[in-house]
Amino acid sequence: MTGPCAPVALFAYNRPRHLARTLRALAANPLAARTPVVAYADGPRGPADEAAVGEVRAVLARARGFASLRVVPREANLGLARNIIAGVGETLAARGRVIVLEDDLLTTPGFLEFMNRALDAYQDEERVAAVHGYVLPVPGLPETFMLRMTDCWGWGTWSRAWKLFEPDGAGLLARLRAAGLTRTFDLDGAQHYTAMLEDQIAGRNDSWAVRWYASTFLAGRLGLYPGRSLVRNIGLDGSGTHGADTRLDAGPCVAPARFVMAQPREDAAARRAIVRHLGRSRPGLLRRLRAAVRRLLAPEARP
């Protein structure tokens, strides 16, 4: 790759060990030395978080191996959703494109090459809203493929696509229901994205990602995926907002993925394979009931 590299917007809060591993993995990319990084470090929720938040900022201050690393320290605690929505918007306003990482994502050495080539290739393709480094551990997927989806673990986008983002979850849900699209949105029932959106509206979660997916889905936009994951989430250990779900663990990041152009249309065979994977390994009834009870008992978000 010979052109300028897209900036990485990195979001961190109170997990210094996870962040240090994320930074080491990213710095191992050959393109890291040409990549500017902007780290949005959220503020503490209270005194109990202050030490860990301070450690996170110290880890960022020591980080090396990038073209630049600028830290944006949040004075107050924005929460993950507000921090990401604001940080992605700020980075896109300055640079027009962005690669987004959180502090618990390990990337392969080929991650930045793949993401930059994909961002270059589809920059002017209105049908494509995002490019991704993560994919579910499904064998036999094409080298690259498109889905009518957008994800949140190691992804990139452009200013033109981020304009589609609609923060009003209730409005998104109403449109999905009016169009009769909730089952398709839920990958034919293999996932519970509609329930996640309902929980966001009720204040039981603060997911920006389900609103991003709903926004692009309703607009008929696509996301590009690699056939093998270039990202592994190490935050499925209960330390962050994601619970443990073995269906999502892509395993160690070892196999390189080669970027090839994919036609801007949904790959029906890849979608079916992903639905089968999620359906076969779907959490048991007892676990789903427990999750439903937790949602019901969760406190309402404050205005």
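1. Of the 303 residues in the protein, 51% are buried, where buried means under 20% relative accessible area, exposed over 50%, and partly exposed in between (1.4 Å probe, protein chains only). This is a predicted model, in which local features need pLDDT of at least 70 and side-chain atom pairs count only at pLDDT 80 or more, while totals for chains, interfaces and linings use all residues. Residues are numbered from 1 along each chain as its sequence is written, and side-chain values use heavy atoms, with hydrogens and water left out.

2. The secondary structure comprises eleven helices and ten strands; these are DSSP runs numbered from the N terminus (helices H or I, at least four residues; strands E, at least two). Taking contacts (heavy atoms within 4.5 Å) between residues at least 6 apart in sequence, 82% join residues at least 24 apart. The protein exposes about 13,800 Å², of which carbon and sulfur atoms supply 54%; areas come from the Shrake-Rupley method with a 1.4 Å probe, and for residues only the protein chains shown count as cover.

3. An open sheet of mixed pairing is formed by eight strands in the order β3-β2-β1-β4-β8-β6-β9-β7. Strands count as paired if DSSP finds at least two bridges between them. Because β3 (68-73) and β7 (144-147) each have a single partner strand, they stand at the edges, and one side of each is left without a neighbour in the sheet. From one strand to the next the twist averages 25°. Axes here are lines fitted to C-alpha atoms, for helices over the stretch in contact, and angles run from 0 to 180 degrees between N-to-C directions.

4. Strands β1 (residues 8-12) and β2 (residues 36-41) are parallel, with five bridges; F11 lies opposite Y40 in β2. Helix α4 (residues 111-121) packs on the sheet and touches β1, β4 (97-102), β6 (128-132), β7, β8 (155-158) and β9 (222-226). The direction of α4 makes about 145° with that of β4.

5. Strand β9 deserves a separate look. Five of its five residues are buried. L222, L224 and P226 point one way from β9, and G223 and Y225 the other way. On one side, β6 runs parallel to β9 and is joined to it by three bridges, with V131 opposite L224. β7 pairs with β9 in the antiparallel sense over four bridges, and L224 in β9 is the bridge partner of M146.

6. Which residues have the most contacts inside the largest nonpolar core? They are V88, F111 and L224, in a core of 90 residues. Such a core is a set of buried Ala, Val, Leu, Ile, Met, Phe, Trp, Tyr and Cys residues joined through side-chain atoms within 4.5 Å. Helix α9 (residues 209-218) gives the most to this core, with seven residues. Not counting residues up to four places away in sequence, F111 touches L26, N29, I99, L101, G133, G154, L230 and V231.

7. In helix α8 (residues 193-202) the buried residues are Y193, T194, L197, D199 and Q200. Just after α8, G203 has a positive phi of about 85°.

8. R271 lies in helix α10 (residues 268-280). Is R271 buried or exposed? R271 is buried, at a relative accessible area of 13%. Leaving aside neighbours within four places in sequence, R271 contacts L147, T184, L187, D188 and E266.
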